[in-house]
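Colleague: I would like to learn how to read this model feature by feature. Please take me through it, with the general idea before each case.

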Amino acid sequence: MEIVRIEILNPKAKTLLKNLADLNLIKINKEKTKSNFSTLLEKLRTKSEDALSLEEVTNEVEQVRKSRYEK
């Protein structure tokens, strides 16, 4: 068995794929795809030794906003 990921550009192709599935020639598995951003976040988080707490993130955001609005 070979698994292939396909991006459907034309709705007619989806109909053809459904017909092939009805003939038991292929099996269609719907899977949720992650966005590139969420994939990047996961990679960064796994490489991070110390995760920041919510309080630390909030403090950092407040400092950046404060410095931005002081200008």
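Colleague: Is glutamate 7 buried or exposed?

Modeller: Start with the classes. Buried means under 20% relative accessible area, exposed means over 50%, and partly exposed lies in between (1.4 Å probe, protein chains only). Glutamate 7 has a relative accessible area of 61%, so it is exposed. Its place is in the segment before H1.

Colleague: What kind of model and numbering am I reading?

Modeller: This is a predicted model: local features need pLDDT of at least 70, side-chain atom pairs count only at pLDDT 80 or more, and totals for chains, interfaces and linings use all residues. Residues are numbered from 1 along each chain as its sequence is written, and side-chain values use heavy atoms, with hydrogens and water left out.

Colleague: Which residue meets glutamate 7 in a salt bridge?

Modeller: First the criterion. A salt bridge is a side-chain nitrogen of Lys or Arg within 4 Å of a carboxyl oxygen of Asp or Glu. Here the partner of glutamate 7 is arginine 5, at 3.6 Å from N to O. Both arginine 5 and glutamate 7 are exposed. A search of the whole structure gives one salt bridge.

Colleague: How far is glutamate 7 from phenylalanine 37 in space?

Modeller: Compare separation in sequence with separation in space. Glutamate 7 and phenylalanine 37 are 30 residues apart in sequence and 19 Å apart C-alpha to C-alpha.

Colleague: How many helices and strands does the chain have?

Modeller: Helices (H or I, at least four residues) and strands (E, at least two) are DSSP runs, numbered from the N terminus. The chain has three helices and zero strands. Its pattern along the sequence is α-α-α. The radius of gyration is 23 Å, well over the 11 Å that the globule rule gives for 71 residues, so the chain is more spread out than a compact globule. For reference, that radius is taken over C-alpha atoms, and the rule is 2.2 Å times the number of residues to the power 0.38.

Colleague: What are the spans of the C-alpha trace along its principal axes?

Modeller: About 65 × 30 × 15 Å. Buried residues make up 0% of the 71 residues. Accessible areas come from the Shrake-Rupley method with a 1.4 Å probe, and for residues only the protein chains shown count as cover. The chain exposes about 7800 Å², with 54% of it supplied by carbon and sulfur atoms.

Colleague: Which residues form the nonpolar surface patch?

Modeller: Patches are made of residues with over 30% relative accessible area and no salt bridge; like charges are joined within 9 Å, and nonpolar side chains (Val, Leu, Ile, Met, Phe, Trp, Tyr) within 5 Å. The nonpolar patch holds Leu20, Leu23, Leu25, Ile26 and Ile28, with about 450 Å² of accessible area together. Leucine 20 is in helix H1. Leucine 20 counts as partly exposed, at 32% relative accessibility.

Colleague: Which residues form the negative patch?

Modeller: Glu49, Asp50, Glu55 and Glu56. Charge counting is simple: Lys and Arg are positive, Asp and Glu negative, while His and the chain ends are not counted. Each charge is placed at NZ of Lys, CZ of Arg, CG of Asp or CD of Glu. Glutamate 55 is in helix H3, residues 54-70. At 58% relative accessibility, glutamate 55 counts as exposed. Over the chain, the mean positions of the 15 positive and 12 negative charges are 10 Å apart.

Colleague: Where is asparagine 24 found?

Modeller: In the loop between helix H1 (11-22) and helix H2 (36-47). Asparagine 24 has a positive phi of about 60 degrees although it is not a glycine. At 69% relative accessibility, asparagine 24 counts as exposed.
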